[in-house]
Amino acid sequence: MSRRKLVVGNWKMNGMRAHLDEVEAIGKLAAQHPAVEVGLCLPATLIMAGSQLKGAAFIGAQNCHMELSGAYTGSLSAEMLIEAGATWVITGHSERRETRGETNADVAAKSVAAHAAGMKVILCVGETLAVRDAGDADEVVTAQLLASLPEGASADWLAVAYEPIWAIGTGRIPTLEAIQSMHATLRAALASRIGQEQADAMRILYGGSMNGDNAAEIIALPDVDGGLVGGASLSAAKFEPVIAAAD
Ligand SMILES: O=C[C@H](O)COP(=O)(O)O
């Protein structure tokens, strides 16, 4: 099964208008690697300006609300994000699960809302270090994926990102064997829910301290279909080798 590689930068709470030059440069880089689908999930304040720049990278959001509109102070609906220029959205990032109390049900509902509005979704899952050390990572992450998988999940509009929480921003990554093993486990879990054909078509990204030094060997693993990249996506210079590694 050949799956087009997907490499997405998540800028988290980083980026001012002064950094739009980097967005533009990354868009140009993406154009040099047409075999790879490249995107940047920007802070909401930069989505409109970022999406108006020429370039081949899609612009995405980092979160959306599960409702279309209403009395939800400070929130943005998928429809609003689309109007601003976002075509993808991240749901279930551990930084929101942990600090905003988002549940699996919330994550599923957000993904359904985003899809209904016309967006594509990157659904994040991952374990804590305590869970990994206890030997429970497969069980916990599989349960998290199945509980946050949206109704009607399909490879046409959904990708999964496996992000071990202890690897995010730490410079530590699991062994290559552990990454491949978890991705294969997650693909099997997907097959049990949405069928083998859809599971084989769905992209499963790795995230957590991916950078120009380690991306090639991680993305070469058979069940790894790209990356969700934080720190190493903040400049074109750092992101370039990650994108190239997926080509
Ligand atoms: O969404 C991206 C991930 O949380 C990875 O972040 P990082 O590459 O800075 O470790």
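Q: Why is Lys12 called partly exposed?
A: In this predicted model, Lys12 has 19 C-beta neighbours inside 10 Å. A residue is buried at 20 or more such neighbours and exposed at 12 or fewer, so Lys12 counts as partly exposed.

Q: Where is Lys12 found, and with which residues is Lys12 in contact, leaving aside its neighbours within four places in sequence?
A: Lys12 belongs to the loop between β1 and α1. Beyond those sequence neighbours, its contacts are Gln62 and Gly230.

Q: What makes Ser209 buried?
A: The criterion is 20 or more other C-beta atoms within 10 Å. Ser209 has 23 C-beta neighbours inside 10 Å and therefore counts as buried. Ser209 sits in the loop between β7 (204-207) and α10 (215-219). Leaving aside neighbours within four places in sequence, Ser209 is in contact with Ala167, Gly169, Thr170, Gly171, Arg172 and Ile173.

Q: Which residues does the UniProt annotation "binding site" cover, and how do you know that they gather at one spot?
A: According to the unreviewed UniProt entry, the annotation covers Asn10, Trp11, Lys12, Gly169, Ser209, Gly230 and Gly231. These residues span 222 residues in sequence, yet no two of their C-alpha atoms are more than 13.9 Å apart, so they gather at one spot.

Q: Of the 14 residues around the ligand, which come nearest?
A: Asn10, Ile168, Gly207, Gly230 and Gly231 come nearest. By residue class, the shell around the ligand holds five nonpolar, eight polar and one charged.

Q: Why is His93 called buried?
A: The threshold is 20 or more other C-beta atoms within 10 Å. His93 has 28 C-beta neighbours inside 10 Å and so counts as buried. His93 lies in the loop between β4 (88-91) and α4 (94-99), and its contacts, apart from neighbours within four places in sequence, are Gln62 and Cys124.

Q: Why does Glu163 count as buried?
A: With 27 C-beta neighbours inside 10 Å, Glu163 meets the criterion and so counts as buried. The loop between β6 (158-162) and α8 (176-194) contains Glu163. Not counting residues up to four places away in sequence, Glu163 touches Ser94, Cys124, Gly126, Ile168, Gly207, Gly208 and Leu228.

Q: How do you know that the span of helix α1 (residues 20-32) agrees with expectation?
A: At 1.5 Å a residue, its 13 residues should span 18 Å, and the end C-alpha atoms are 19 Å apart, which agrees.

Q: Which residues of α1 are buried, and why are they said to line one face of the helix?
A: They are Glu22, Val23, Ile26, Gly27, Leu29 and Ala30. Seen down the axis of α1, they fall within an arc of 160°, so they line one face of the helix. Their cover includes β1 (6-10), β2 (37-41), α2 (44-51) and α11 (236-245).

Definitions and conventions. Residues are numbered from 1 along each chain as its sequence is written. This is a predicted model: local features need pLDDT of at least 70, side-chain atom pairs count only at pLDDT 80 or more; totals for chains, interfaces and linings use all residues. Helices (H or I, at least four residues) and strands (E, at least two) are DSSP runs, numbered from the N terminus. The expected span of a helix is 1.5 Å times one less than its number of residues. The arc is that of the directions from the helix axis to the C-beta atoms. Two residues are in contact if their C-beta atoms, placed from the backbone, lie within 7 Å. A residue is near a molecule or strand if its C-beta atom, placed from the backbone, lies within 6 Å of it. Ala, Val, Leu, Ile, Met, Phe, Trp, Tyr, Cys and Pro count as nonpolar, Asp, Glu, Lys and Arg as charged, and the others, Gly among them, as polar. UniProt positions are given in the numbering used here, feature names are shortened, and annotations may be inferred rather than shown by experiment.
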